[in-house]
Amino acid sequence: MESRGTKREAGEIEVAEPGNKLPRPAPSLPTDPALYSGPFPYYRRPSELGCFSLDAQRQYHGDARALRYYSPPPTNGQSPNFDLRDGYPDRYQPRDEEVQERLDHLLRWLLAHRGQLEGRLGNHPLLFSGEVDCTNPQVPSTQPPTCYVELKTSKEMHSPGQWKSFYRHKLLKWWAQSFLPGVPNVVAGFRNPEGFVCSLKTFRTMEMFEYVRNDRDSWNPSVCMNFCAAFLSFAQNTVVEDDPRLVYLFSWEPGGPVTVSEHRDAPHAFLPPWYVEAVTQDLPSPPKD
């Protein structure tokens with residue numbers, strides 16, 4: 001006696017798909033910090049493979065012409081009194097929000113400088129572009145990225161509660177931005193309500209965690225990097241189709257997991273046609289402006 005949903009033909013049995021089959025659940029990645037506690041994962045910081053600059057008109061240049069030198073004020077105890085508003089109305093050029101740059105500048109550099117990747121997190125080779133504020137000519141080694149300095153501003157703080165919030169939230173962002181590319185120091189200018197920088201403080205990237213080590217409700221570098229490694233594995237297992245028109249969109253809402261959805265073409269597609277054509281045909285360089 002044969003059960004329903006099957007048929008016999010040429011000595012083979014085929015099982016028909018049930019009519020009420022549930023859809024496959026969308027892949028997701030949990031974000032509970034407790035899941036990512038543990039030893040710090042293996043991380044080899046990337047060495048600098050090259051650089052490019054953007055001028056005031058956001059035009060690409062394949063060199064370091066926009067890099068500036070860090071020259072701090074004299075350390076004689078006086079307030080630096082930098083006016084952050086000076087030159088803002090007549091020299092600041094706002095970006096055209098209608099122009100979607102996406103990864104275009106990095107892709108131009110990639111086509112002109114193809115080489116071996118140096119960075120690695122666990123089993124994942126890394127290549128990323130980091131914005132650099134300036135270089136310090138006074139450090140013992142001028143080899144990038146150890147000579148770079150990140151510049152930040154933040155409002156003045158006058159209470160332990162304000163400092164605690166600063167260490168919990170803003171310092172985490174500064175650490176993540178500087179640790180991955182290997183920038184050793186962040187110089188913060190603390191401003192008053194009138195826009196004047198009243199004091200400077202240097203935060204060593206490798207020592208930022210010490211400000212929150214005893215705060216059980218704050219961030220932890222091991223948790224951050226273990227989650228980063230888990231996300232890269234999640235992305236690697238999810239992005240399985242090589243199609244420049246297909247975009248895997250990763251999303252996250254506070255309190256929930258990381259989810260992914262698939263989209264084709266506009267408005268999510270971000271690889272420019274000239275890059276896709278160059279990679280497909282193995283052309284040596286991007287088109288000229």
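**Strands, cores and cysteines**

Analyst: In this predicted model, strand 3 (residues 28-29) is paired with strand 16 (residues 258-264) through two bridges, and the sense of the pairing is antiparallel.

User: Which residue of strand 16 is the bridge partner of Leu29?
Analyst: Strand 3, residues 28-29, pairs with strand 16 over two bridges. Leu29 has its bridge partner in strand 16, and that partner is Val258.

User: How many bridges join strand 15 to strand 16?
Analyst: Strand 15 covers residues 246-252 and runs antiparallel to strand 16, and one of the pairs places Phe250 with Val260 as its bridge partner in strand 16. The two strands form a hairpin with five residues between them, and Gly255 in the turn has a positive phi of about 90°. The number of bridges that join strand 15 to strand 16 is seven.

User: In the open sheet of six strands, which strands stand at the edges, and why is one side of each left without a neighbour?
Analyst: The six strands follow the order 7-11-12-13-14-8, with mixed pairing.

User: At about what angle does helix 3 run to strand 12?
Analyst: Helix 3 lies across strand 12, strand 13 and strand 14 (196-204). Its direction relative to strand 12 is about 155°.

User: Which element supplies the largest share of the largest nonpolar core?
Analyst: That core has 20 residues, and those with the most contacts inside it are Phe166, Leu171, Trp174, Phe203 and Met208. At least two residues of the core come from each of helix 3 (160-179), strand 13 (185-191) and helix 4 (221-238). The largest share, six residues, comes from helix 3.

User: Leaving aside neighbours within four places in sequence, which residues is Phe203 in contact with?
Analyst: Phe203 is among the residues with the most contacts inside the largest nonpolar core. With its neighbours within four places in sequence left aside, Phe203 is in contact with Phe166, Tyr167, Leu171, Trp174, Pro184, Asn185, Val186, Ala188, Phe190, Met208 and Tyr211.

User: How many residues are in the second, separate core?
Analyst: This second core is separate, and its residues include Tyr60, Leu107, Trp109 and Ala278. The number of residues in it is nine.

User: Is Ser222 buried or exposed?
Analyst: Ser222 lies in helix 4 and, leaving aside its neighbours within four places in sequence, is in contact with Tyr36, Gly38, Pro39, Phe40 and Pro41. Its relative accessible area is 14%, and since the cut-off for that class is under 20%, Ser222 counts as buried.

User: How far from Cys224 is the nearest cysteine sulfur?
Analyst: Cys224 is partly exposed, with a relative accessible area of 25%, and Cys198 is also partly exposed, at 22%. A disulfide needs two cysteine sulfur atoms within 2.5 Å, and the count of disulfides comes to zero. Cys224 is in no disulfide, and the nearest cysteine sulfur, that of Cys228, lies at 9.3 Å.

User: What distance separates the C-alpha atoms of Gln57 and Pro94?
Analyst: Gln57 is in the loop between strand 5 (53-54) and strand 6 (60-61), and with a relative accessible area of 49% it is partly exposed. Gln57 and Pro94 are 37 residues apart along the chain, and their C-alpha atoms are separated by 9.5 Å.

Technical notes:
Residues numbered from 1 in each chain as written. Predicted model: local features only at pLDDT ≥ 70, side-chain atom pairs only at ≥ 80, totals over all residues. Heavy atoms only, no water. Core = buried A, V, L, I, M, F, W, Y, C linked by side-chain atoms within 4.5 Å. Buried < 20%, exposed > 50% of the residue type's maximum accessible area, 1.4 Å probe, protein only. Helix = DSSP H or I, 4+ residues; strand = E, 2+ residues; numbered from the N terminus. Contact = heavy atoms within 4.5 Å. Pairing = 2+ DSSP bridges. Axes fitted to C-alpha atoms, helices over the stretch in contact; angles between N-to-C directions.
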